[in-house]
Amino acid sequence: MYRDKETAYWSSQIATLAGQPKKLWQTFNSLLGKNKKSHDNKNCPSPQQFLDFFNQKIERIRQSTGKCPVQSSLPSASTVTLDSFKVFSADDIRKTIMNAPSKSCALDPVPTNTLKEFLPELLPFLTCMCNASLQEGYLPTSQRHALVTPRLKKPGADQTAVNNYRPISNLTFMSKIVERLVCRQLVSFLEENKLLPNLQSAYRKHHSTETVLLKVVSDILRAADSGQVSLLCLLDLSAAFDTVDHNVLIDRLQKSYGLNGTVLSWIK
């Protein structure tokens, strides 16, 4: 089916551009891979250099804070628990897939556009796959792989310096679909039981950078009206997500937020 679709696509492109030689040759070059830029950039660091740099960066940050006393306290133990995920209907899976961006990864067996086009035929199998992951508390190893591409942080930066790059992970489409299903239930549980901080704006529905700015500006104006002085402190944590300790995270989710059973197993 995939090969038939590929053949039909290129045949259609060639037929459409039959009277436009320049664009037709561009299509041929694209089909033959001649318009792709060479990946053998002599100025670009090697994969091993990138791996060593990113690993060493995380290790340096851990060592710099490892002996520091804890400055935050854990939230009180949750009185509610979430032990298992609810299964999703075929219609829920269909809506989640159709609303997701049509981005593909080289690890995907078929392009996302093709999957969406033949979704009515594939939906029963995809629904079974997603629900099996949620019920068993396990994501298949094949769905935990990612293609990591180093990207320059700023255009024109020195391409020979590894610290000028950030790693971008490209995951399979279906792994991201399962993640969306898990996220939906987790966030719903946390919000229903008021386990999220009231002033947290990140990763919450109807919250964004705009709500943060509105709150900050409102507080500053209110202070100014009262004749008070305001001091604004902004912190940017280096590699914040990459340096999260997995054991500490699992412990907090279990003790402070009530996640257990297959829910905690899936996150592990």
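This is a predicted model: local features need pLDDT of at least 70, side-chain atom pairs count only at pLDDT 80 or more; totals for chains, interfaces and linings use all residues.
**View 1. What the second largest pocket is lined with.**

**View 2. Into the middle of the second largest pocket.** There's about 520 Å³ of space in here. The lining takes in 20 residues, and the ones closest to the pocket's centre are Phe-54, Val-148, Arg-166, Pro-167 and Asp-242.

View 3. H3 is the top contributor, with 8 residues.

**View 4. Cys-105, a cysteine without a disulfide partner.** You'll find 0 disulfides in this structure. For Cys-105, the nearest cysteine sulfur belongs to Cys-130 and sits 17 Å away. A disulfide needs two cysteine sulfurs within 2.5 Å, so Cys-105, at 17 Å from the nearest one, is in no disulfide. Cys-105 is also buried, with a relative accessible area of 6%.

**View 5. Cys-130 and the sulfur of Cys-128.** Cys-130 is in no disulfide either: the nearest cysteine sulfur is that of Cys-128, 9.4 Å away. Cys-130 counts as buried because its relative accessible area is 1%, and the cut-off for buried is under 20%.

Key: Residues are numbered from 1 along each chain as its sequence is written. Side-chain values use heavy atoms; hydrogens and water are left out. On a 1 Å grid over the protein atoms alone, a cavity is a set of points where a 1.4 Å probe fits but cannot get out, and a pocket is an open set with protein on both sides within 12 Å along at least five of seven lines; lining residues have an atom within 4 Å of a point. Grid points are joined across faces, edges and corners, and a volume is the space filled by probe spheres set on the points. Helices (H or I, at least four residues) and strands (E, at least two) are DSSP runs, numbered from the N terminus. Buried means under 20% relative accessible area, exposed over 50%, partly exposed in between (1.4 Å probe, protein chains only).
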